Structure formats: C-alpha cells, structure tokens
Amino acid sequence: MITRVFLAHPRDVNESYAEHAVFAGGFALRLLLAAGAASIHAVIPCLFEKTASRMIADMHARTQNRGH
C-alpha cells in the first residue's frame, strides 16, 4: 500500500520520491506565480500580457515525455 501511494508514480517517471517532490513542488509554485500574473493582468491589462501563458507553455513542455 505504501509503495503504491508514495512510490509508484515517481518510479513511473524515473524519479525518486524526493526528486518527484521537488519537481512537483516547483511546478506548484510556478502555477501560483502564473495565477498571480494572470490575476494582475485581469485588473490591469497592460501588465503581464503574456507572462502566464508563457509560463504555462514552458511547464507543459517540461512535462512532455517525462519518464520515457
């Protein structure tokens, strides 16, 4: 049970638990920053015009073919 819950997915992407935690935590932080940029852009459209979309495109590119 422990292996399935904590280790199966990290192993699927060829990472240790710690490596996966760092990657996923960094990903979560970047999502929060992108959300902040998009929120500011919603109120003041001339700010952060492409920041959130650029960050999301970069995150998408980084997750493609992980573990293959």
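Leaving aside its neighbours within four places in sequence, which residues is Glu-15 in contact with? They are Pro-10, His-20, Phe-23 and Arg-66, where contact means heavy atoms within 4.5 Å. Some notes on that spot and on the rest of the chain follow.

1. Ground rules. This is a predicted model, in which local features need pLDDT of at least 70, side-chain atom pairs count only at pLDDT 80 or more, and totals for chains, interfaces and linings use all residues. Residues are numbered from 1 along each chain as its sequence is written, and side-chain values use heavy atoms, with hydrogens and water left out.

2. Confidence. pLDDT is the predictor's confidence in each residue, from 0 to 100. The chain averages 94 on that scale, and 97% of the residues score at least 70.

3. Fold layout. You'll find 3 helices and 0 strands here, running α-α-α from the N terminus on. Because the radius of gyration is 16 Å, well over the 11 Å that the globule rule gives for 68 residues, the chain is more spread out than a compact globule. (That radius is taken over C-alpha atoms, and the rule is 2.2 Å times the number of residues to the power 0.38.) The C-alpha trace spans about 50 × 20 × 15 Å along its principal axes. As for the elements, helices are DSSP runs of H or I with at least four residues, strands are runs of E with at least two, and both are numbered from the N terminus.

4. Surface and burial. Of the 68 residues, 18% count as buried. The cut-offs are under 20% relative accessible area for buried, over 50% for exposed, and partly exposed in between, with a 1.4 Å probe and protein chains only. The chain exposes about 5,100 Å², and carbon and sulfur atoms supply 66% of that area. Areas come from the Shrake-Rupley method with a 1.4 Å probe; for residues, only the protein chains shown count as cover.

5. Among contacts with a separation of 6 or more, 41% come from residues 24 or more positions apart. On the charge side, there are 7 positive and 5 negative charges, and their mean positions are 2 Å apart. Lys and Arg count as positive and Asp and Glu as negative, while His and the chain ends are not counted. Each charge is placed at NZ of Lys, CZ of Arg, CG of Asp or CD of Glu.

6. Back to Glu-15. This residue lies in the loop between helix H1 (2-12) and helix H2 (17-43). Is Glu-15 buried or exposed? Glu-15 is buried, with a relative accessible area of 18%.

7. His-20. One of the partners of Glu-15, His-20 has its place in helix H2. His-20 is buried too, at a relative accessible area of 16%. Not counting residues up to four places away in sequence, His-20 touches His-9, Pro-10, Val-13, Glu-15 and Arg-66.

8. Phe-23. Also in helix H2, Phe-23 counts as buried at 16% relative accessibility. Its contacts, leaving aside neighbours within four places in sequence, are Glu-15, Arg-30, Arg-62, Thr-63 and Arg-66.

9. Thr-63. Here we are in helix H3. Thr-63 is partly exposed, at 28% relative accessibility, and touches Phe-23 and Phe-27, again not counting residues up to four places away in sequence. The C-alpha atoms of Thr-63 and Val-13 are separated by 9.9 Å, although these residues are 50 apart along the chain.

10. Ser-53. Helix H3 (residues 51-63) also holds Ser-53, which is partly exposed at 48% relative accessibility. Ser-53 and Ala-34 are 19 residues apart along the chain, with 7.8 Å between their C-alpha atoms.

11. Positive phi values. Two loop residues are worth a look in the backbone. Asn-14, in the loop between H1 and H2, has phi near 60 degrees, a positive value in a residue other than glycine; Asn-14 is exposed, at 58% relative accessibility. Phe-48 sits in the loop between H2 and H3, and phi there is near 50 degrees, again positive in a residue other than glycine. Phe-48 counts as partly exposed, at 40% relative accessibility.
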